[in-house]
Amino acid sequence: MKPHRVEYWRNAQPDDPEVCADDVAAVCQVSQQAQAFAQPGGHVISTDEKTGIQALERAAPTLPLQRGVVERPEYAYLRHGTQCLIANCNGATGEIVAPSMGATRTEEDFAAPMAQTMATDPEAPWIFVVDQLNTHQSETLVQ
């Protein structure tokens with residue numbers, strides 16, 4: 001029997017390791033120069049999303065503290081589906097700019113917080129660092 005090899009997407013091998021190394025170097029260089037880019041008014045923003053955040057609610061109110069008894073939160077909860085957080089992190093300050101929370105992560109969902117972020121300083125130069133998800137390369141985003 002032939003051994004089975006498992007390759008996960010997180011450990012995917014690049015099609016062209018040299019191009020990948022150049023891309024990694026470019027991202028590192030932009031990140032390292034974020035504070036210098038901010039001095040004349042520019043912004044380096046790292047953007048990504050966290051999907052599948054469970055929206056939970058306690059099934060009953062937390063029982064309050066009483067003398068000799070600790071506060072007791074209800075262990076049961078109600079599920080309200082999942083949410084997607086899209087956040088823009090300022091590379092120079094670490095500040096989160098124009099975060100967005102919603103039920104989906106369509107190209108419009110991704111483009112909206114980018115537009116809100118750029119609206120905070122419309123005349124400034126912007127560099128956005130994103131991964132290669134399809135919504136990060138959409139026509140809506142480019143416009």
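In the hairpin of S2 and S3, five residues lie between the strands, and Gly94 among the hairpin's residues takes a positive phi near 80°. This is a predicted model, in which local features need pLDDT of at least 70 and side-chain atom pairs count only at pLDDT 80 or more, whereas totals for chains, interfaces and linings use all residues. Residues are numbered from 1 along each chain as its sequence is written, and side-chain values use heavy atoms, with hydrogens and water left out. Strands (E, at least two residues) and helices (H or I, at least four) are DSSP runs, numbered from the N terminus.

S2 and S3 pair in the antiparallel sense over five bridges; two strands are said to pair if DSSP finds at least two bridges between them. Asn88 has Val97 of S3 as its bridge partner, and Cys89 is partnered by Ile96, likewise in S3. Strand S3 also holds Ala98, which has a positive phi of about 45° although it is not a glycine. One of the residues involved is Lys50, whose bridge partner in S2 is Leu85.

Strand S1 contains Ile45. Is Ile45 buried or exposed? Ile45 has a relative accessible area of 1% and is therefore buried, a term that means under 20% relative accessible area, while exposed means over 50% and partly exposed lies in between (1.4 Å probe, protein chains only). Leaving aside residues up to four places away in sequence, Ile45 touches Asn88, Cys89, Asn90, Thr117, Trp126, Ile127, Phe128 and Val129, where contact means heavy atoms within 4.5 Å. Val142 lies 97 residues from Ile45 in sequence and 16 Å from it in space, C-alpha to C-alpha.

Rings of Phe, Tyr and Trp (its six-membered ring) pair if their centres lie within 6.5 Å; planes under 30 degrees apart count as stacked, over 60 as edge-to-face and the rest as tilted. By this rule there is one aromatic pair. Trp126 and Phe128 form that pair, which is stacked, with 5.8 Å centre to centre and 15° between the planes. Trp126 is buried, because its relative accessible area is 18%, whereas Phe128 counts as partly exposed at 23% relative accessibility.

Helix H3 spans residues 107–119. Its 13 residues reach 18 Å from the first C-alpha to the last, close to the 18 Å expected at 1.5 Å a residue; the expected span is 1.5 Å times one less than the number of residues. Phe110, Ala111, Pro113, Met114 and Thr117 are buried in H3. Seen down the axis of H3, these buried residues fall within an arc of 165°, so they line one face of the helix; the arc is that of the directions from the helix axis to the C-beta atoms. An α-helix has 3.6 residues a turn, so residues three or four places apart point the same way. The cover over the buried residues of H3 includes strands S1 (43–58), S2 (77–90), S3 (96–102) and S4 (126–129), together with helix H4 (139–142).

The cysteines remain to be considered. With a disulfide taken as a pair of cysteine sulfur atoms within 2.5 Å, the count comes to zero. Cys20 is in no disulfide, and the nearest cysteine sulfur, that of Cys28, is 11 Å away. Cys20 counts as partly exposed at 32% relative accessibility, and Cys28 counts as partly exposed at 41%.
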